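I opened my notebook to write down, entry by entry, what I looked up in one structure.

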Amino acid sequence: MEAEKKAISLLSKLRNESQTDKPIIPFVEKFADTDIWNQYLEYQQSLLNDTDEKPRWFYSPWLFVECYAYRRIHEAVIQSPPIDDFDVFKEAKEQNFFESLESITALCIHLQELMTTIEDLEENQLKNEFFKLLQISLWGNKCDLSLSGGETSSQKTNIINTLEDLKPFILVNDMEHLWSLLSNCKKTREKVSVTRVDIVLDNSGFELVTDLVLADFLLFSNLATEIHFYGKMIPWFVSDTTIHDFNWVIEQVKHCDHKWVSKCGVDWENYVKMGKWVYHDHIFWTGPHEFCAMFHVAPDLYAELQKAHLILFKGDLNYRKLTGDRKWEFTVPFHRALNGFHPAPLCSIRTLKAEIQVGLRPGQGEQLTASEPNWLTTGKYGIFQFDGPL
Ligand SMILES: O=P(O)(O)OC[C@@]1(O)O[C@H](CO)[C@@H](O)[C@@H]1O
Ligand SMILES: [Mn+2]
């Protein structure tokens, strides 16, 4: 109880600082990334050079302040042993999973049926199935809990039946590039060689299941031979996946009382055991830096990503970090907005929840603004945006 009281008082202090636009203060508790964060704070301070101004909640860049807020929540918890490994968002994430169970069941059954017919599929049919699972993973990204302030945001309908209706809302659609890349890898692959797809995960719950279903399909269709996942080392943006969530979701699926669903869980656990699925942690993902800084700030992670044939970046926050959350013109090429971040061919799979979008056709953004002023932030629209040699 003492520990809870302490955590709550630290959180109240944090709330007060943010509501009253206090200066952004350094981290005190020693943790793996404390120095990195405090150095970044100094950098933000240096941008205000000749004034006495301090970076503050209402005026500093949103991406930085928002990440800082989640890191401060974590600091309040780690300063309060013995509850220092408590995940304040665990309950919300688990609720999202349970509320989406019907849709998860339908998806797992679909996957198992596909597995049994895969040998008979023509090239074109295989491509179609790949596109379906990509779109399911895209729309799965609607289910994040930070946009809804932690309120429920689960998937209640069978998503497979809605894909056709949702197609007009895909603003950038580079799925064909993903297909060409992976089917070429498959055709030219020698017996012993590897095709590696890396997935930079976003939200746990329903979205994570859609990513695991896609990852499973990539393996049994032979479009890839190895999948590497990246999650968050601390609770992040309410619904983001940690290693605990990753294992928890697989365990839940495994114990579902539907035989095809639990078969998925058993397969997924085996992939992890066999090293066909590899989960990576890295503190960089919960840092303040945009991805173009990764080469210098986290060269080991950059080198790891370079081993992939394709990297899929799930979600809105990853898109903001890919593009530096800048006020880019809508028509600026994605390659340019990545600002030198090119570890391997990559694709952002994201529903739009923040006021940033690049790589649109001339006039496309303006047209959307005229007809639907909130199109950038509602999660109604989505993209598959690819960067890499064609
Ligand atoms: O990365 P995700 O889960 O797709 O979205 C995270 C998000 O909802 O959180 C922030 C709003 O607080 C925005 O960056 C973004 O819209
Ligand atoms: Mn998220």
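**Ground rules**

I note at the outset that this is a predicted model, in which local features need pLDDT of at least 70 and side-chain atom pairs count only at pLDDT 80 or more, while totals for chains, interfaces and linings use all residues. Residues are numbered from 1 along each chain as its sequence is written, chains are lettered from A and ligands numbered from 1 in the order in which they are written, and side-chain values use heavy atoms, with hydrogens and water left out.

**The whole chain**

Along the principal axes, the C-alpha atoms fill a box of roughly 70 × 55 × 45 Å.

How much of the chain is buried? Buried residues make up 56% of the 390 residues, with buried meaning under 20% relative accessible area, exposed over 50%, and partly exposed in between (1.4 Å probe, protein chains only). I also looked at contacts, which are heavy atoms within 4.5 Å: of those with a separation of 6 or more, 79% are between residues 24 or more positions apart.

For charge, I noted that the mean positions of the 39 positive and 56 negative charges are 1 Å apart. Lys and Arg count as positive and Asp and Glu as negative, while His and the chain ends are not counted; each charge is placed at NZ of Lys, CZ of Arg, CG of Asp or CD of Glu.

The expected span is 1.5 Å times one less than the number of residues in the helix. Among the buried residues of α5 are Ile104, Leu107, Cys108, Leu111 and Leu114, and the cover over the buried residues of α5 includes α4, α6, α9, α10 and α11.

I turned next to helix α8 (residues 175-188), whose 14 residues reach 20 Å from first C-alpha to last, close to the 20 Å expected. Its buried residues are Met175, Leu178, Trp179, Leu181, Leu182, Ser183 and Cys185. An α-helix has 3.6 residues a turn, so residues three or four places apart point the same way.

**Backbone details**

In the loop between α3 (62-78) and α4 (90-99) I found proline 82, which a cis peptide bond joins to proline 81, with omega about 5°. Aspartate 87 is in the loop between α3 and α4, counts as buried at 12% relative accessibility, and touches Lys93, Pro235 and Asp245, leaving out residues up to four places away in sequence.

Which residues have a positive phi although they are not glycine? One is phenylalanine 237, with a phi of about 45°, in the loop between β3 (226-231) and α10 (243-254) and buried at 5% relative accessibility. Another is aspartate 325, with a phi of about 55°, in the loop between α14 (316-322) and α15 (334-337) and partly exposed, with a relative accessible area of 23%.

**Single residues and distances**

Is glycine 231 buried or exposed? Glycine 231, in strand β3, counts as buried at 1% relative accessibility. Leaving aside neighbours within four places in sequence, glycine 231 is in contact with Thr241, Tyr279, His280, Asp281 and Trp285.

Glutamate 2 is in helix α1 (residues 2-19) and, C-alpha to C-alpha, is 45 Å from lysine 259, at 257 residues apart in sequence. Tyrosine 59 is in the loop between α2 (34-46) and α3, and is 8.4 Å, C-alpha to C-alpha, from aspartate 21, at 38 residues apart in sequence.

Key. Helices (H or I, at least four residues) and strands (E, at least two) are DSSP runs, numbered from the N terminus.
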